[in-house]
Amino acid sequence: MKVERVSTGVSGLDTLMEGGIPKGFTVLIAGNPGTGKTVLTSHFLYDGLTKNQNGIYVSFSEADYSFYNNTSRFGMRFKDFQKQNKFSFLDFSGITQQGVQDALEEVLATIKEINAKRIVIDSFSAILQAFVNLNEARIALHVVLGKMLRAQGVTTLVIGEVPMGTNNIGSGFEEFVADGIIKLEHGIDNASPFIVKVIKMRTTIIDREPHVSIIKEQGMVVLPKQPIELHSNNTFTRVQTGIEGLDERIGGGLLEGTISTVIGDSGVGKTTFALKFIIQGIINGEAGLYLTFEETYEELKRAPGMAQYDLDNFNGNGLIVLARLIENHSPDEIIEELEKQIIKTRPKRIVIDSLSSFEHVYKDEMYMITKRVVSLIKKYRLTAILINQNNPFSESNQPTIAKVSSLFHNIIILRYFEFKYKMKRSMVVLKMRASYHDNSILEFVISGDGLKIIGPMNDYEGSLSDIKQVFYHESPKSEDQITSQSQQAKRKKILQELDRDETQRGNREIMERKQKKNLGIDHKHNVRNKNKNHVT
Amino acid sequence: MIHKINNKNQSREFTNIKFFEKAYSSSVKEGMLILGEDVSKIVQDYIEEKYSFQIENTSQNPRALSEALHFAIDGGKRIIERRIIRLLSKKLDIEYHSTELINFEKQIKDMREKVLKTHK
């Protein structure tokens, strides 16, 4: 038998319970103060009014003018329906506990009078006060709400107040009397956005996962979660990264539709890498979406290596930049916006700068957030770079990155290392699924031209280790032996000598070139000879 | 003889009115108990200031009580009115329909009329 369902009127909430609340049910809406209980229940009543299902709001805590003011902000014109005798606000806010039984009588009379099909009782806690013992309350409520209202086909939402700092739904029995329970909670650190959970709904298959709810101009919206699905990508088409010296080391570029993570410390060049990748796409005629949580568009324009490009020329011409503050948006909200943008702008490349921004606020949910992001990207077959930041003061990768690394096709690590009292940068392609890649540790620089690979670091070792200090192989002593202060000083001296030799050699070459020029010797011939000598 | 009958009728009417007013006054007092002292005082003060009579004496002007209740507790007045009607119906042994909406002014007037006619 098909169950007739009543919409909650809240966008995104009905889908969590097979399309709505079964008609005639009594559902407990439990939540801490300020989590949107009144807004949710107002949506429920207003949705009914727009479908010719009259409604009643029974309030033991809020005066009518306050209700009308608050709901009119969301465009709900309850007063218009009240004038048409389709809606009644029963303001019982001044009533003490002895009056509650009369109030219930009044409610039943009003239901009959206006032929109401939806009721909200705000709140259960107030009704409970009327009864000396809980068993009496249970029987009364079971009869009034569970039988009388259901018999008349009236669907009822009862608000349950959950005090701050507690996690109980009610006094211990309303959760059993109610046919369904929807719980509202504050978000992380008691901040917005809120969390909605459908805990119970008889005769209904429910989505028990916590969902994010936000209150916007139109009222409450429950955000859907990006479904986690398997998507396969069998293309062998290559996508140029735009990083000079990288593509030829990874088989011509990233495989189209793959997801890469670029991991590195702050300032090592992740953003420059990602911007280069997006710009290269635009140059090749592929739109690119850049989602940043840390910089504005103006700041991106001034990123190292971006001076040669005028991002304004690309912006709107293939480049889409979304700058958002993670503290103001939930991951589900961002993923939803991202999908809308993807559908609207049809990009081929996407960058999220950075995925680890989520970690600051949603540390425990990182795996699922990453999985949803990855699923979305795969769904639209985008080639993606997801930036992950190392903690600059941590000696090793953050554990979260290790947990989610299996979700990426490619992993590229950028690191600093110390050499001769200077910081240098290294890059290693750690993983590249279904593709050849050079295993060398590459040295790269960031200059006015952007990020450029110099070449493999054959003469160094340890640049990927936690010590981040490298030595020449030609070092006169084994590294293990260099421990004492005198040995350190000796090493320093050797390095200085090497530097001096290099400078002297450079000066000598310049002198020789000048002399040969003066003698009128052919320049090409000169270079050939020089190279020959060098090889010898 | 006619004069005597008239006097007897007037006396009975007077008794009935007294009976009704006593029942009404008692019902109002009981009904108002659920409001608590502070709110009750607001209602009483409103009636005394605006109409110059006491709350118990509103049987001939139930609108005054209804107005004062609305001033004090807005929509909650419906509970007090219902409660007073219920209590008064019981005292006067008049049938009370709990599933019907209350029209306080009309129902009080109807009950008064009924008492005047039926109680002997």
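Two strands are counted as paired if DSSP finds at least two bridges between them. Helices (H or I, at least four residues) and strands (E, at least two) are DSSP runs numbered from the N terminus.

The structure is a predicted model, in which local features need pLDDT of at least 70 and side-chain atom pairs count only at pLDDT 80 or more, whereas totals for chains, interfaces and linings use all residues. Residues are numbered from 1 along each chain as its sequence is written, chains are lettered from A and ligands numbered from 1 in the order in which they are written, and side-chain values use heavy atoms, with hydrogens and water left out.

**The open sheet of chain A from β5 to β11 has nine strands.** The strand order is β5-β4-β6-β7-β3-β8-β9-β10-β11, with mixed pairing. At the edges stand β5 (87-91) and β11 (219-222) of chain A, each pairing on one side only. Direction ignored, neighbouring strands are turned by 20 degrees against each other on average. Strand β4 (residues 54-59) of chain A runs parallel to β5(A) and is joined to it by five bridges. Within β5(A), A:L90 stands opposite A:V58. Helix α1 (residues 37-49) of chain A packs on this sheet, and its direction makes about 170 degrees with that of β6(A). Axes are lines fitted to C-alpha atoms, for helices over the stretch in contact, and angles run from 0 to 180 degrees between N-to-C directions.

**The open sheet of chain A from β16 to β22 also has nine strands.** Its order is β16-β15-β17-β18-β14-β19-β20-β21-β22, and the pairing is mixed. The edge strands β16 (319-323) and β22 (450-456) of chain A each pair on one side only. From one strand to the next, the twist averages 25 degrees. Three bridges link β20 (residues 422-432) to β21 (residues 442-447), both of chain A, and these strands run antiparallel. The bridge partner of A:R425 in β21(A) is A:F444. Helix α8 (residues 270-283) of chain A lies across the strands, running at about 160 degrees to β17(A).

**A:R249 lies in a loop of chain A.** This loop is between β12 (238-239) and β13 (254-255) of chain A. A:R249 counts as buried because its relative accessibility is 17%, buried being under 20% relative accessible area, exposed over 50% and partly exposed in between (1.4 Å probe, protein chains only). Residues in contact with A:R249 (heavy atoms within 4.5 Å) include A:Y436, A:H437, A:D438 and A:I453, not counting residues up to four places away in sequence.

**Chain A meets chain B at an interface with six salt bridges.** Chain A contributes 19 residues to the contact and chain B 18 residues. The buried area is about 1600 Å², of which carbon and sulfur atoms give 53%; buried area is the accessible area (1.4 Å probe) that two parts lose on being put together, summed over both. A:D102, A:E105 and A:E106 supply 33% of the area that chain A buries against chain B, more than any other three residues. A salt bridge places a side-chain nitrogen of Lys or Arg within 4 Å of a carboxyl oxygen of Asp or Glu. One joins A:D102 to B:R83, with the closest N and O atoms 2.7 Å apart. On the side of chain A that touches chain B, α2 (64-72), β5 and α4 (100-114) of chain A each supply at least two residues. Of that side, α4(A) gives the most, with eight residues.

**Chain B has five helices and zero strands.** Of the 120 residues in chain B, 39% are buried.
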